[in-house]
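Trainee: I would like to go through this structure step by step. Please show it to me.

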Amino acid sequence: MPSSRHRNTRDVLSARPLAVAGGTPVISSAGGTEPNLVAALRDGGLPVGTDSREFRTEAEFHARVTEALSDGLRLSMEYPQPFSPYPDERFVKSAELVGYLNNKASISTFVDPRFQARRQVVTIDELAQVAPAEKSWVLKAATNAAHGASLDVYLHRAGDLVTLPAFTDILTEVVVEEYLHIHRNWGVQLYVAADGKARLLAVTDQRIDADGVYTGGRFGLVVPLPADLLTECLAIAQRAADIGYRGVCSLDCAQTHDGRLVMLDLNFRITSGSVPLLALHTIRPDALGRPSESMKLTTAAPIAALLAALRPALQRGGLLVTGGHDTRLTDNPVNQATLHLLVFGDDPDDVTTRRTALEAMYGRR
């Protein structure tokens, strides 16, 4: 898949670790180092990266990578990148490994059959035959270039008009998965340390919109994960660790209305669920067991204007900026600002009310 089709999204994703980087160098899109945004992160008490190596264009991105390698640094790759000119030994995990682990077609390699949804990998030419309009199904990208951001999941409900996503125009294979009626949806946050052992970080509830797109997580008071499913999640992460993966990962799993336990997606990268947990662990460890919800605001206005509008809410407390991005600081032709927030408190209903109000006031305007 041509990297240019996803580069603007990759820019946004690259900025996410900056909030919790501390002294670790980060190659970050300049959209994530907007001064007002960085100030808001620091005001919240986060260990914001002090060595941010910015890029605004594709050429600058590759220049920052080359500079980091010339400085003798090893790189930890969070998203699939076209890194063929660079030696794998200079990376904590190789481009091939990251791409393979995040490919939606690879899930059957790592998940016990008991927890697998029914799915098949088909060519684009076979798609109409196995995924007719009169049936419900889920479509995912089968590519080592897939890196999340809801670009590689499409839900079709029986009888609706089929409107295939853009990735079907550029891929040769896709994953067709059964449509599940989900009762509970968890994000299991794990990490693999330098010793190669997989460990649990936390379990979160996931909020999914009507189109099946992740809209945020609930932390703290979470419905417990069934023991056998948690055991399988740890085993999956350990299987990835055994072939060289190091870093955080998030495994999406669910319980259906008929009681099935199913693994939906394997996300071997920093995600929207891991950064809020790392942020809370750093500045408010006492809040990890209390109600909190992550959210995202998207607007055409500059991120400075969005932060100014949110200042009263931030000053009242119970609200933390965990990341963001403004495309105006890159070569992206579309003006769009994204802000990641965490709402926390003692009362789960109050947390939900405040999060909903913020989304209604400032989301997508």
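Mentor: Helix α2 (residues 35–43) and helix α9 (residues 303–316) pack at an angle of about 35 degrees, with their axes 8 Å apart. Axes are lines fitted to C-alpha atoms, over the stretch in contact for helices, and angles run from 0 to 180 degrees between N-to-C directions. Helices (H or I, at least four residues) and strands (E, at least two) are DSSP runs, numbered from the N terminus. This is a predicted model: local features need pLDDT of at least 70, side-chain atom pairs count only at pLDDT 80 or more, and totals for chains, interfaces and linings use all residues. Residues are numbered from 1 along each chain as its sequence is written, and side-chain values use heavy atoms, with hydrogens and water left out.

Trainee: Which residues in α9 do N36, L37 and A40 in α2 meet?

Mentor: Contact means heavy atoms within 4.5 Å. Ala, Val, Leu, Ile, Met, Phe, Trp, Tyr, Cys and Pro count as nonpolar, Asp, Glu, Lys and Arg as charged, and the others, Gly among them, as polar. On the α9 side, the partners are I303, A304 and L307.

Trainee: Why is the pair of F55 and F61 given the class it has?

Mentor: A search of the whole structure finds 4 aromatic pairs. Rings of Phe, Tyr and Trp (its six-membered ring) pair if their centres lie within 6.5 Å; planes under 30 degrees apart count as stacked, over 60 as edge-to-face and the rest as tilted. The centres of F55 and F61 are 4.9 Å apart and the planes stand at 75 degrees, so the pair is edge-to-face.

Trainee: Is F55 buried or exposed?

Mentor: Buried means under 20% relative accessible area, exposed over 50%, partly exposed in between (1.4 Å probe, protein chains only). F55 has 0% relative accessibility, so F55 counts as buried.

Trainee: Which strands hold W137 and Y154?

Mentor: W137 and Y154 form a tilted aromatic pair, 5.9 Å centre to centre with 55 degrees between the planes. The pair links distant parts of the chain, 17 residues apart. Both residues are buried. W137 sits in strand β4 (residues 137–141) and Y154 in strand β5 (residues 153–156).

Trainee: How much space lies in the largest cavity?

Mentor: On a 1 Å grid over the protein atoms alone, a cavity is a set of points where a 1.4 Å probe fits but cannot get out, and a pocket is an open set with protein on both sides within 12 Å along at least five of seven lines; lining residues have an atom within 4 Å of a point. Grid points are joined across faces, edges and corners, and a volume is the space filled by probe spheres set on the points. The count comes to 3 cavities of 30 Å³ or more. The largest cavity holds about 70 Å³.

Trainee: Which strand gives the most to the lining of the largest cavity?

Mentor: The lining includes N103, R119 and L264. By class, the lining has 4 nonpolar, 2 polar and 5 charged residues. With 3 residues, the top contributor is strand β11 (residues 261–267).

Trainee: Which element gives the most to the lining of the second largest pocket?

Mentor: That pocket has about 780 Å³ of space. Its 29 lining residues divide into 19 nonpolar, 5 polar and 5 charged. With 3 residues, the element that gives the most is α3.
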